[in-house]
Each structure stands twice: as structure tokens, then as C-alpha cells.
Amino acid sequence: MPLLGCIADDFTGATDLASMLVKNGMRTVQVIGVPAATDPAPDVDAVVVALKSRTSPVAQAVSESLAALEWLRAAGCRQFFFKYCSTFDSTERGNIGPVADALVAALDCGFALACPAFPVNGRSVYQGYLFVGNVLLNESGMEKHPLTPMTDANLVRVLSRQTDGTVGLVPFATVAQGAAATRAAMTALKEQGRRYAIVDAVTNDNLAAIGEAAATHALITGGSGVALGLPENFRRAGLLLAQPDSGALPDVPGHAAVLAGSCSRATLFQIATVRDHVPVLELDPLATPDAKSLAAQAIGWMDGKLGATPVVIAASATPDHVAALQQRLGRDEAGALVEHALADIAEALVARGVRRLVVAGGETSGAVVTRLGVRQLRIGTEIDPGVPWTFAEGSGAPLLLALKSGNFGAPDFFLKSFARLETR
Ligand code: ADP
């Protein structure tokens with residue numbers, strides 16, 4: 001029976017959290033969307049429900065999050081985690097505050113800490129102010145984000161604007177004293193009637209202390225960083241056995257392929273790096289602006305090439321090519337065309353025996369996972385930070401999937417992924 005039930009406000013954020021839990025010894029499954037009431041709970045230590053609620057209307061984000069909570073409670077989870085981005089991505093209206101309010105009310109816990117800090121990725125919180133690297137959040141470029149512009153780095157103020165509850169602060173000086181002092185400060189704030197505490201953290205030791213201090217909290221909210229201290233609480237309580245290999249995945253023999261729809265710099269570099277080593281098909285959506293024709297080209301090309309050596313099929317293009325297609329079709333239409341083609345190609349690859357698939361691009365991954373009918377991902381060990389192999393199950397054949405957010409991964413990511421499977 002799972003111990004920790006998590007609700008993540010987007011897909012790659014869910015994987016990031018799941019990966020953190022696996023690294024710290026919890027066997028973890030990520031489920032895509034709220035499972036049906038009749039879906040059995042997976043036999044793991046933690047479950048992360050991946051929603052797409054970061055920028056959806058407030059009422060929808062709240063109702064989906066509550067449905068996820070309900071399912072996780074029925075599954076037997078005893079502690080809950082609301083995961084949002086380490087840059088606190090939200091608008092004046094939410095959705096972090098309203099979702100947290102609903103979860104606090106449903107759990108009747110009266111209080112939750114809020115800590116997006118993730119020091120290894122440069123996110124730290126000091127005196128309630130969120131820094132990205134050495135600049136304040138509102139000077140980091142996040143102030144210009146198209147959907148969730150973050151124009152105020154003071155998280156006490158930001159969260160206060162999103163909730164009808166009040167927000168306090170556990171400052172660094174307290175957190176630096178360790179778990180007992182942090183626990184006492186949070187208890188004091190709760191007794192004063194505060195619903196939330198922004199908790200400072202600038203190091204992993206701080207995060208571990210916060211995790212320990214929250215051992216008895218029903219709800220914890222934050223980035224994946226603050227989850228690093230939670231598995232130890234369950235071990236200390238004798239609820240979690242030492243897992244020698246929490247990231248172990250079943251072996252799935254089959255052909256290997258990479259499908260790339262990300263146009264970010266890291267992905268373009270990864271494609272260039274692999275080009276001389278394995279068959280690579282670079283689609284040109286500008287020359288063939290039709291999803292079915294693009295897919296047909298790829299299906300013709302893959303004939304006779306599939307095997308243990310991966311093939312790479314990429315729609316990825318440089319910014320000027322992307323801009324040209326967007327100009328011709330409109331931004332959304334261009335994205336949808338390429339995603340549609342890549343989803344068709346993913347289906348064709350799997351139909352031809354591909355069982356080990358790397359997908360590059362967040363939106364692209366969403367399109368592929370949906371088309372393949374994937375319902376849940378058992379999280380394995382990381383290939384590069386933030387990108388684990390996963391064992392995907394759903395309505396189709398079980399697969400090993402690595403879903404890479406565009407900018408993640410070293411230049412040799414594609415070949416390294418498959419090499420990792422051989423050396424497990
Ligand atoms: P990332 O994680 O790098 O942001 P995404 O998959 O989320 O990658 O987003 C990339 C978007 O660009 C997708 O919607 C994809 O369909 C689109 N795309 C890919 N190739 C092209 C192209 N050649 N022209 C225009 N759009 C493209």
C-alpha cells in the first residue's frame with residue numbers, strides 16, 4: 001500500500017518529483033491524470049498523480065486536485081504532497097493557493113508548509129524571497145513568462161494574494177538550527193492561525209531538516225526538492241523497508257528508437273551528436289506541412305532499419321525554420337501538426353516492435369503518451385538529471401519510455417539512454 005500520495009500540477013514536474021523519491025529509496029509510480037475509482041493502487045511506496053492543472057481555470061484545477069486526493073486516500077496513502085514548480089509558477093489568482101486551500105480543507109489539517117526551493121537547480125528561498133541562481137525570481141526572466149509571469153519574488157506576498165488564509169515565514173535562521181526548531185516554528189505559526197508557512201531553504205541539508213520537521217504533517221506543498229527528506233521519515237517510522245534498488249524496472253526486449261519534437265538547443269545538439277552513429281531521419285514540416293504525409297515518409301523510411309541499434313526520427317528544427325512554419329500556419333496549428341505526425345509515428349514504431357523509446361520534448365511527450373494509451377509510468381533510475389527510464393503500462397504493449405523535457409540531458413543523451421539499459 002502506498003505511503004505517500006502526490007499531486008503534481010504538470011507532467012514533467014510529476015516525473016521530476018517521482019525521480020527524487022526513487023533516488024531516496026521509495027518505489028514510485030506516476031499515473032497520468034486521475035485514475036478511475038475502480039483502478040487498483042499500484043504496489044509501490046509512493047504514487048504521483050500527474051495533472052495538467054498549472055494554468056487551467058481555478059475551479060478545474062481545484063476539482064481535479066481534489067479528485068486526485070480522494071483516489072490517493074482510497075489507495076491508503078497516509079501523507080500527501082502537492083507539487084508545483086520550483087519557480088512557483090502561478091498567476092495572481094492561482095492555481096497554487098486555491099488548490100492548496102482545497103487540499104488543506106479536505107484533509108482538515110489547518111496548515112501546510114510551502115517550499116519551492118531546489119538548491120541543486122539554483123532555486124533557493126531566503127527571508128521568503130525566491131532566488132533563481134543569484135537573482136531574484138522577478139529578475140530571472142520568469143517575469144516575462146507567457147502564462148505565469150512572476151513579477152514578485154516575495155512568496156509570502158505571492159501566496160497571500162492567492163488564498164483567503166494567512167501566510168507566515170519560517171526564516172533561514174530557524175531552519176539552519178535543524179528539524180526540531182523548524183517543527184516548533186511551524187507549530188507556532190499554525191497555533192497563531194496561519195494556514196501556510198513559506199519555509200526558507202538554501203541547501204539540501206535545509207531541505208532534509210524541513211522534511212524531517214514535517215513528518216507528521218498531513219500535507220506538504222513545494223517543489224521536488226523538499227520531498228528529498230520525506231522517505232527517511234517513513235524509514236524511521238518502520239513503514240518503509242530499505243529498498244536496495246527502488247528504481248529497478250522489468251526488462252522489455254524490443255527495438256529501440258528516439259522521437260524528437262523538441263526544438264530546444266539541447267535537443268538540437270543531441271541530434272547533431274548522434275547523427276554520425278545511427279540512422280537519423282530529419283523530417284521537414286515546412287516542405288511537407290501535412291501530418292499524414294510526414295508520418296508516411298517516416299514509416300517508409302523505418303522499414304528494415306529497426307533493431308537493437310536505435311533509429312532517430314526528428315521534426316526538430318532551428319528557430320528560423322520553426323518561425324517560418326508558425327508564420328505559415330499559426331503557432332498552435334504548427335505545433336499540433338508536428339505533434340500529430342510524431343504521435344502517428346510513435347504508434348507505427350510500437351506496432352513494428354519498438355519497446356524502448358526516448359521522446360524529446362514536453363508537449364511531444366504528452367502527445368506520444370496519450371496516443372500510446374499510457375496510463376502509468378513506473379519510475380526507474382535517472383539517465384541524466386530529471387530524466388529517468390520508466391516502465392510504461394496502459395492499453396497497449398508495455399514499453400520502456402524515457403520522456404525528456406527539451407532542455408534536459410547531456411549531448412550524448414540518446415545513445416547513453418540505450419547503453420544504460422544494457423548495463424543495468
Ligand atoms: P520542449 O520540451 O523543448 O519545449 P516541446 O515538445 O514541449 O519541446 O515543444 C516543441 C513544440 O515544437 C512541439 O509543439 C512540436 O510539435 C513543435 N515543433 C517541432 N518541430 C517543429 C518544426 N520543425 N516546426 C514547427 N514546430 C515544431
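The chain splits into two domains: domain 1 covers 4-236, and domain 2 covers 255-422. Keep in mind that this is a predicted model. Between the C-alpha centres of the two domains the distance is 31 Å. On the domain 1 side 19 residues take part in the contact, and on the domain 2 side 13 residues do.

Next, the area. The size of an interface is often given as the accessible area lost when the parts come together. Here, domain 1 and domain 2 bury about 1,300 Å² between them, and 59% of that comes from carbon and sulfur atoms.

Now the polar part. I count 2 salt bridges between the domains. Lys23 forms a salt bridge with Glu382, and the closest N and O atoms of this pair are 3.5 Å apart. As for polar contacts, there are 5 residue pairs between domain 1 and domain 2, with both residues at pLDDT 80 or more.

Where on domain 1 does the touching side come from? Helix H1, residues 11-23, and strand E2, residues 28-32, each give at least two residues to it. H1 has the largest share, with 7 residues. Sorted by class, the side of domain 1 that touches domain 2 holds 10 nonpolar residues, 5 polar and 4 charged.

Definitions and conventions:
Residues are numbered from 1 along each chain as its sequence is written. This is a predicted model: local features need pLDDT of at least 70, side-chain atom pairs count only at pLDDT 80 or more; totals for chains, interfaces and linings use all residues. Side-chain values use heavy atoms; hydrogens and water are left out. Domain bounds come from an automatic or database domain assignment. Contact means heavy atoms within 4.5 Å. Buried area is the accessible area (1.4 Å probe) that two parts lose on being put together, summed over both. A salt bridge is a side-chain nitrogen of Lys or Arg within 4 Å of a carboxyl oxygen of Asp or Glu. A polar contact is a pair of N or O atoms within 3.5 Å; within protein, one must be able to donate a hydrogen and the other to accept it, and residues adjacent in sequence count only if both atoms are side-chain atoms. Helices (H or I, at least four residues) and strands (E, at least two) are DSSP runs, numbered from the N terminus. Ala, Val, Leu, Ile, Met, Phe, Trp, Tyr, Cys and Pro count as nonpolar, Asp, Glu, Lys and Arg as charged, and the others, Gly among them, as polar.
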